[in-house]
Amino acid sequence: MIVGLLGILKAGGAYVPLAPTYPKERLAFMLADAQVPILLTQNKLVEGLPEHKTQIVCLETSKENLSEGNPVCKVTPENLVYVIYTSGSTGIPKGVAIQQSSILNLASALYQTVYSRYQNQPLRVSLNGSLAFDTSVKQIIQLLYGHTLIIIPEWLRFDGTALLDYIKDSQIDVFDCTPSQLGLLISAGLLSQPLSTPKTILIGGEPINKSTWQALAQAEHLHFYNVYGPTECTVYA
């Protein structure tokens, strides 16, 4: 998934994430609305796709199309980097088009606000969410700074105890989550034990209530950041 995404960007393209769990009607709408010319996917997912006119490229079987050269990317700051669609809860889903310059602004703000405290140490950062959820963007861009991405398995995300054990075993330094998921971790003992990992937790995707913030403020061994914001503002910039 990450290799495919980086390949799209390296080729000078913009990506439109399509979650395979979406209803076919939503996928069909997004493909048509975004006028996607190429669909990068996997063999096992092709049957679940709606009818479409795009060219399919499967990561496992399209090696004959791979280039061994290093392409010269002519992307400018004004070019798109991705289009992520809103949920459609208030009507028809809308594609939010984000430029390269906005992503660099987000990366810079994250570094200044969160990551600079670690003085350029290599960190282990969670990728904890779907590519179709823009929170993934602020995690993936940490590759620009040489950090390591730890992809959280889907089945772990709803089990607080197992997730907390995974965070410790994987030595994740910066963990990204929603307030709902944070609640599971707190119930599993996140605040009651002096853990060496994670060092920092970024919380977004939903508003955080006052009582939760008051509880987090008492944790001396952890740094928490509220990064709740709309997709239209480049994640939360």
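Predicted model: local features only at pLDDT ≥ 70, side-chain atom pairs only at ≥ 80, totals over all residues.
## Aromatic pairs

The structure contains 3 aromatic pairs. In one of them, Tyr 15 and Tyr 82 have ring centres 5.6 Å apart and planes at 45°, so the pair is tilted. This pair links distant parts of the chain, 67 residues apart: Tyr 15 belongs to the loop between helix H1 (2–10) and helix H2 (24–34), and Tyr 82 to strand S3 (residues 80–85). Tyr 15 is buried at 7% relative accessibility, and Tyr 82 is buried at 1%.

The rings of Phe 29 and Tyr 85 form another pair, with centres 6.3 Å apart; their planes stand at 80°, so the arrangement is edge-to-face. Here too, distant parts of the chain are linked, since Phe 29 lies in helix H2 and Tyr 85 in strand S3, 56 residues apart. Phe 29 is partly exposed, at 29% relative accessibility, whereas Tyr 85 is buried, at 8%.

## A charge over a ring

Arg 26 lies over the face of Tyr 22, at 4.6 Å from the ring centre.

## Leu 185 in helix H6

Leu 185 is part of helix H6 (residues 179–187) and is buried, with a relative accessible area of 0%. Leaving aside residues up to four places away in sequence, Leu 185 touches Gly 160, Leu 163, Leu 164, Ile 167, Phe 175 and Leu 190.

## Nonpolar surface patch

Leu 104, Leu 144 and Tyr 145 make a nonpolar surface patch of about 330 Å².

Note on methods
Residues numbered from 1 in each chain as written. Heavy atoms only, no water. Helix = DSSP H or I, 4+ residues; strand = E, 2+ residues; numbered from the N terminus. Buried < 20%, exposed > 50% of the residue type's maximum accessible area, 1.4 Å probe, protein only. Contact = heavy atoms within 4.5 Å. Patch = residues over 30% accessible without salt bridge, like charges linked within 9 Å, V, L, I, M, F, W, Y side chains within 5 Å. Areas by Shrake-Rupley, 256 points an atom, 1.4 Å probe, with all protein chains shown as cover. Salt bridge = Lys/Arg side-chain N within 4 Å of Asp/Glu carboxyl O. Phe/Tyr/Trp six-rings, centres within 6.5 Å; stacked < 30°, edge-to-face > 60°. Lys NZ or Arg CZ within 6 Å of the ring centre and 35° of its normal.
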